[in-house]
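Have a look at the sequence and the structure first.

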Amino acid sequence: MIRDTRVVRCAVCVCALALALGACRDKGKTPAFEWTSVMVSPLPEAAALVARVTPEADGLVLFRVDPALKTAVLSESGGNLLIAAPNTAEAVRGYGYYLRHLAGVHLSWNGDHGSCVASGAMVNLPKTPVTVPATLPYNYALNYCTLSYTGVHWDKERWGKEIDRLALNGYHYMLVTPGLEKVTAEFLKELGCPPEKIRAYIANPAFAAWWNMGNLEGAGGPVSDTLIESEAELGRFMVERLKSLGMEPVLQGYVGFLPHDFAPAGAHVLPQGNWCGHFVRPSVLDPTCEAFPRVAALWYNKLKSVYGVQAEAFGGDLFHEGGKSQGVDVTAAARAVQSAMPGKSLWLVQAWGHNPTKALLDGVDPKRTLILALEKNMAAKSPKKNYNGLPYVWCELLNFGGNHGLYGGVPMVAGLPVDMGGASGFGLLSEGVETNPFYYELFHDRMNSGGPIDTEAFIKRYVKSRYGKESPQAEEAFRLLTRSVYAPKSIREGCLESILCARPSLDARKASTWSDPNMYYDPKDVEEALRKLLAAGPMEAGTYRYDLTDLCRQVIADRARVRLAACKAAFTAKDVAAFTKEYQAFLALIKDSAEVLATSKDFLLGEFLRGAANRGTTSQDKAAMTRAVKRLITTWAPVIGQLDDYAHRQFSELMSHYYYHRWEAFFQSRLRELGGTASADELGRAGEGTTTNNGEAVATGYEKNKNVDEIELAFPDSDIPLLLTPQGDIHTIAKRILGE
């Protein structure tokens, strides 16, 4: 809603302009200004964003449309901020630049800080016009996985905030998947698929990412009609908000997915087998068969009906992560998929693993294709890629599974060259977000800077804006992190995982199957950074408390590695007394971690589950969402296997209940083993297979323990105490952890 003051102000400007033009005509003179250069337009959607994000600035920001400009220009006008820009999207990006670089306002997933208004006036208005540095034309946001690992606990209000933040940071495209449940249900119904097969096919939103990528069917389901409708409503809201801010929603293109046990009349269907051993994959309708254009046209009809728009950009990948294309002309298949897309729409193709193949790239239209080049190497020296000469977006891939852990390629991101190796945009493709605010702020700074970033200058600005004041101690803390945990030396898959969250074993070095277990930094640097940040306080800023919590969490996780080694040494020596002492000290670290994490809402399982439950409108839907999310962040699959703990989180209640009880059961089994009373189902290894990652063999086995299995499999339906508000004082707790 636009306030009357803004409407009146705009009306006065327009009326004054009309009178001036009329006076010039009456005197037979030519006006000394151009309409496009002086017309103050309310740009209502940009003004509405200002009111949502910074309500104190409502009515104090003016917008001027100037099609001749390429980027936003910031200036002062009568004590207000005037943003001249060619369109809404650039005007909003210009406001984001003002907030970060002039007003010192900090906005992040992990807390906001600062205000752009003091004594009723905008702060730090430019004395001379400031031209916002240009950004690349195809900045893209969100991995399919992000919408399940993190977005699953974002309701409509929270998604609104996220889209506003993405607009302020200059994104042009964003993936939207809520609503595909209804698209699919209506699409399959019209194709003649039986209702029971449709129900078995549609996945819960917690697992929708992998359903929409063609990895699985029906996980976390069946999904109710009410949840299907509420997801469609959410999807429409997301599309409308994106469109209003000049951004383009990326909707799901049709790449042939069908239930594995259903085929339309006259269709040639390609079975896709299983994914990660347990999950049955959807079949793929051969894009080169006669039925494909008809079926695809139906999909796009339903897509437009559900979302209310004709999309101009589509996602969707052929034969993703091991999909089977034998016997198919992949070049012809790619051409057929793109030909079925409406109008002159853009196809965004993920480059991940062995995809896309050269055969696929040979079949696409270069003018209608954009490659999303996922980059997990946070030690990479150059973003330069080559996909048959097709335009591509360089996409950071910092996080896997939404895991908590300090991590980021700060030297790499800060040093990205001006030409970006030929990339056409930046991409935010982390599988999970809401972590590592320091890294992501740097990423967005580089995205909007036009060239490499001075890390030292960035640290100083970051500390001042995030905490509201300069702090040499806090600056030194981030310098320590920048040259240690934020500076990996080689390719790895995400952060160094906390072994407190690992499937219990005396040899545990990581939590998930594919991660790198090798320590690549000196943990003493992290501990010293915590000491420096602690010395910088206490501060009232919630951003400071979050960072103190996160650092303290990392210190405890690093200490656990030393303590587990001591447990193993005592066990190997068959010293029962020493083993008992060491494992109790290890369990105490888990309790310490739970106490630390309880001080921040960002680390509360109760808060996370409440957000997920809010996606449902009935008690049954809320329970289904809660159950699915609890499975996702623990065993992932309904059986124990290679996906176990892939999406582990360091939430307070998980530490104090789930992880604590797993380790406690394990240690008691080992204690019984030393006493010769352990049962056979508590000992040994299972699943001794291997897979590969970064060119190295990775074991998929795990320590077999019936008691641990029971804890894991029961958790989605268990009822543990949940925290909805933070508890305790992190400053006091951190002092105790450091022994001060």
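Residues are numbered from 1 along each chain as its sequence is written, and side-chain values use heavy atoms, with hydrogens and water left out.

The pLDDT (the predictor's confidence in each residue, from 0 to 100) averages 93 over the protein chain, and 93% of the residues score at least 70. Residues 1-39 are another story: pLDDT stays under 50 there, and the model has 32 contacts beyond four places in sequence for this stretch. A contact here means heavy atoms within 4.5 Å. Where pLDDT is low, the predicted coordinates should not be read in detail.

## The barrel

Eight strands close into a barrel with parallel pairing, in the order β8-β9-β10-β16-β17-β18-β19-β20. Strands (E, at least two residues) and helices (H or I, at least four) are DSSP runs, numbered from the N terminus, and two strands pair if DSSP finds at least two bridges between them. Strand β16 (residues 313-315) is joined to β17 (residues 346-351) by two bridges, with Phe314 partnered by Trp347. Five bridges then link β17 to β18, and one partner pair there is Ala351 with Ala373. Another five parallel bridges connect β18 and β19, where Leu374 sits opposite Cys395. Helix α11 (residues 292-307) lies across β10 (248-252) and β16, running at about 135° to β10; that angle is taken between N-to-C directions on a scale from 0 to 180 degrees, with axes fitted to C-alpha atoms, for helices over the stretch in contact.

How many residues of β18 are buried? Seven of its seven, where buried means under 20% relative accessible area, exposed over 50%, and partly exposed in between (1.4 Å probe, protein chains only). In a regular strand the side chains alternate between the two faces of the sheet. In β18, Thr369, Ile371, Ala373 and Glu375 point one way, while Leu370, Leu372 and Leu374 point the other.

The loop between β18 (369-375) and β19 (392-396) holds Asn377. Asn377 is buried, at 18% relative accessible area, and touches Met412, Ser490 and Ile491, leaving aside residues up to four places away in sequence.

Beyond four places in sequence, Met122 touches several residues, including Val61, Leu81, Tyr95 and Cys116.

Strand β2 (residues 61-65) has four of its five residues buried, so it is largely enclosed by the rest of the structure. Strand β2 runs parallel to β4 (residues 80-85), joined by five bridges, and Arg64 has Ala84 as its partner in β4.

## Cysteines

The structure holds zero disulfides (pairs of cysteine sulfur atoms within 2.5 Å). Cys276 is in none, and the nearest cysteine sulfur, on Cys145, is 11 Å away. Cys276 is partly exposed, at 22% relative accessible area, whereas Cys116 is buried at 0%.

Notes:
Predicted model: local features only at pLDDT ≥ 70, side-chain atom pairs only at ≥ 80, totals over all residues.
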